[in-house]
Amino acid sequence: MADYAGALDQGTTSTRFMIFDHRGQVVSIDQKEHEQIFPKPGWVEHNANEIWERTQEVIDGALAKANLSASDLAAVGVTNQRETTVVWDRNTGEPIHNAIVWQDTRTDKICDELAAHGGQDRFRGATGLPIATYFSGPKIKWMLDNVPGARERAEAGDLVFGNIDTWCIWHLTGGTHGGVHVTDVTNASRTLLMDLKTLQWDDGILATLDIPKSMLPQIRPSSGVYGEATGTLAGIPVAGDLGDQQAALFGQTCFSVGEAKNTYGTGNFLVLNTGTSPVPSKSGLITGVGYKIGDQPATYMLEGSIAITGALVQWLRDNLKMISSSAEVESLAKTVDDNGGVYFVPAFSGLFAPYWRSDARGVIAGLTRYVNNGHIARAVLEATAWQSKEVVDAMNADSGVELTSLKVDGGMVVNELLMQFQADILGVPVIRPTVAETTALGAAYAAGLAVGFWAEVEDLRENWGLDKQWEPDMDPAKRDREYALWKKAVTRTFDWVD
């Protein structure tokens, strides 16, 4: 009897493989970064082959660290950076272009043309999404239109598309030797190509974007056996697939209507469980699929997506060289008592929720001679919290339910200054679980449920544990005053790109 479940967590900046025991505790982890490629302003790419190489390395590494073999795993789940788009030749396995990352804005003209007929919400009724550079559909169209010979190869049936989950599962299950070409409902709901109610590809939208349906993977539940792995994991069921934010919702055991989590990663993603019916957003949020377990009805969600949060700390480290490691930002921010009047709006790739402004670009507002690097560091951290507050306000308006607490996860939740500030400006407790990396845990849970390693979702609730809770401690008048200044700074980012 296998005692563990594994999860491949393929993120924007790194890939890791994690092994969990039946109580949801981390047994082993191995992680490797991959190159961030910036060919032009606004363009962001990854080498999909490099990602697959890193995937194989971290699987080997995590097993070796725990002195385990593949047979010790009951099943493996996959979670991934969403919307990042790969198109490859089904016969050779070679991508026709670097993966176009979710942050990339090269499809702005395509999106403008789509929105010219019916507005930015042209496809929202079917997909729950605005037309934006964020999503996969326009990225596929860009490749077919711009890579020489791509459209002809696609129409001949030689090219296939996948978000990173599909790319990894195809390789895990054999690649050119019988690899399965699948995605799950959560990833499919981020393409701008899936109908939210039928959970199938929308033929009308495919025709509008001129994307051959033969390129697309089969849409499957988030928890279910897709195939057996080959290579190091030979014979192990690949049985879970969730986009990273939905995986975190699942890992945080937000299985009841009204439960929410916020993941602090490269970007921030606040997700609210809305039950078995999609809730349309009137406040700039995304309606999507939270998860689907086997034959059970899909569970839907509202999501507020913020493009740049942890990535802003990396920018401070890599571009400005103000810190030598991301962890140093907290100690630098603590050298000052406040932000010195500085507000940093990191609209590097436009603004996502609740604005959806691809014409916006980053702004540092309120600079005076008084300001030093500590104030900049503090403004960087506060930017994450302010952006999250805007999303919470939108979510409260859409759902009609006031948030009473916020479960948090992801790499930035070790930053106690940020967590306290987040509680202060939301006016509700911020709660960190014992396992902060709930994205990988959610993928492991989905895979384990599919093979009976865990019997039901209530088993998973019992695994959740509290690590730390921050209570709000800020004068409401001060909060309102600073929030007004933040919103003023946001308006300064608008209309920068013609």
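**Reading cavities and a helix crossing**

Colleague: Which residues lie nearest the centre of the second largest cavity?

Modeller: Of the 14 residues lining that cavity, V435, L441, N463, W464 and G465 are nearest its centre. A cavity is a set of points, on a 1 Å grid over the protein atoms alone, where a 1.4 Å probe fits but cannot get out; lining residues have an atom within 4 Å of a point. The model is predicted, so to speak plainly: local features need pLDDT of at least 70, side-chain atom pairs 80 or more, and totals for chains, interfaces and linings use all residues. Numbering starts from 1 along each chain, and side-chain values use heavy atoms, without hydrogens or water.

Colleague: Which helix gives the most to this lining?

Modeller: Helix 14 (residues 438-451), with three residues; helices are DSSP runs (H or I, at least four residues; strands: E, at least two) numbered from the N terminus. The lining has five nonpolar, eight polar and one charged residues, with Gly counted as polar and Tyr as nonpolar.

Colleague: What supplies the lining of the largest cavity?

Modeller: Strand 18 (299-306), helix 12 (373-399) and helix 16 (476-491) each give at least two residues. Here the classes are 13 nonpolar, three polar and one charged.

Colleague: How do I read a helix pair?

Modeller: Take the angle and the distance between the two axes. The axes of helix 9 (residues 244-251) and helix 14, fitted to C-alpha atoms over the stretch in contact, come within 7 Å and cross at roughly 75°. That makes the pair roughly perpendicular (65 to 115 degrees).

Definitions and conventions. 1 Å grid on protein atoms, 1.4 Å probe; cavity = no way out; pocket = protein on both sides within 12 Å on 5 of 7 lines; lining within 4 Å. Axes fitted to C-alpha atoms, helices over the stretch in contact; angles between N-to-C directions. Parallel < 35°, antiparallel > 145°, perpendicular 65-115°, else oblique.
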